[in-house]
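User: I am new to this structure and would like to learn how to read its strands and sheets. Could you take me through them with care?

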Amino acid sequence: MKKTIQTALVHSDYRPPAGFDAFPPGVHRASTVLFENVAAMRSGQWKDKSAYTYGLHGTPTTFTLEARLAAIEGGSHCLLAPSGLSAIAMVNFALLKSGDDVLLPENVYNPNRELGRWLSEDFGVSARFYDPMLGAGIAALIQPNTRLVWAEAPGSVSMEVPDLPAICAAAHARGVPVALDNTWSAGLALRGFDVGADIVMHALTKYQSGGADLLMGAVITREGALNERLAQAHMRLGLGVGADDAYLVLRGLPSMKLRFEAHDAAARQVAAWLGARPEIAKVLHPAFPDCPGHAHWQRDFQGAGGLFSVLFDPRYTEQQTDRFVDALRLFGLGYSWGGPNSLVMPYRIRALRSRWDDAGVLVRFNVGLEDPADLIADIEQALARL
């Protein structure tokens with residue numbers, strides 16, 4: 001049909017030839033998805049991802065990312081969310097309702113802790129916290145109304161490594177699913193399903209992205225019925241992600257294992273150096289004997305990544321350790337980790353835990369992709385400021 005210039009600017013008859021292929025996946029941006037006809041519109045189902053229905057439910061770009069993330073963990077289904085915390089919220093709102101109970105480890109990612117408190121205060125869901133080193137003893141805490149157990153390996157600040165197979169076995173004996181925050185391992189050092197988890201959650205903000213330039217989360221499962229419950233919550237909460245961010249994660253995946261191993265090697269070198277310093281009382285790195293749950297890490301994990309913490313000798317005050325942190329030049333002061341730049345963060349750990357017996361200020365390090373010798377030199381000059 002004949003078109004005016006204005007209409008031709010909106011409607012073009014040109015269609016590129018089919019058959020184009022390249023290593024990078026295409027970036028498909030869309031809110032509205034076009035249907036071939038009414039029958040296709042009415043038969044399309046967003047739940048099973050066999051058709052495209054609306055941009056919120058996915059495009060070829062997001063479907064490709066979901067499939068690749070599921071494959072890394074050995075899962076069957078994956079749902080993307082705008083952040084790691086929104087992925088956690090998706091799990092909670094999919095599986096919990098008023099009158100239910102959820103168990104979370106004391107060393108859980110603090111926004112997950114705050115979400116648990118919110119569920120308790122405003123939604124009638126009992127959120128209780130357990131000792132992360134409880135292992136099979138968690139069975140004594142499971143109540144008839146317990147519907148979900150969260151685990152995190154290791155804790156993202158205090159770094160304890162739980163006995164995941166024992167926790168999962170105890171929960172499954174009572175018919176309770178386990179959701180594992182596996183962000184620290186990225187599915188590389190540990191595959192969550194191998195130790196018994198039913199749901200594996202990741203903050204893709206970290207190693208999967210690798211660029212420290214986006215926020216995204218993922219929830220991975222193996223069982224279809226469980227994925228359907230999660231997908232319903234995903235839809236009702238409107239947890240869509242943009243195609244450009246999904247592409248950035250896809251672009252980072254081929255190099256993720258190489259980057260993860262580089263972070264791991266450098267972090268162990270820096271941690272070992274710190275462990276020999278008189279200013280440091282304890283190195284909380286899962287690959288080091290001082291770390292609670294080190295034996296669990298040796299049994300279950302195949303790597304460690306770049307994140308660990310240290311406890312300063314109790315003779316140093318918070319004012320002194322703050323001065324140390326401020327004196328660092330190569331370590332940025334900021335939350336998150338997994339990107340190319342090293343980070344540092346001091347924590348008031350007693351404010352995060354109902355019980356904490358160790359003395360000394362806790363400082364967490366994320367070792368990036370800089371030369372570890374330069375990072376050690378930076379720490380050394382900052383220690384001189386104590």
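User: In what order do the 7 strands of the open sheet stand, and what is the pairing?

Analyst: Two strands count as paired if DSSP finds at least two bridges between them, and strands (E, at least two residues) and helices (H or I, at least four) are DSSP runs numbered from the N terminus. Here the 7 strands form an open sheet in the order 1-7-6-5-4-2-3, with mixed pairing. Strand 1 (77-81) and strand 3 (126-130) stand at the edges with a single partner strand each, so one side of each has no neighbour in the sheet. The model is predicted, with local features needing pLDDT of at least 70 and side-chain atom pairs pLDDT 80 or more, while totals for chains, interfaces and linings use all residues. Residues are numbered from 1 along each chain as its sequence is written, and side-chain values use heavy atoms, without hydrogens and water.

User: How do strand 1 and strand 7 pair?

Analyst: Strand 1 and strand 7 (residues 217-221) pair in the antiparallel sense over 5 bridges, and Cys78 stands opposite Ile220 in strand 7.

User: Is strand 11 mostly covered or uncovered?

Analyst: Buried means under 20% relative accessible area, exposed over 50%, and partly exposed in between (1.4 Å probe, protein chains only). In strand 11 (residues 343-347), 4 of the 5 residues are buried, so defined. Strand 10 (residues 332-333) runs parallel to strand 11 and is joined to it by 2 bridges, with Gly332 opposite Leu343. Strand 12 (residues 362-366) pairs with strand 11 in the antiparallel sense over 5 bridges, where Arg364 is the bridge partner of Met345.
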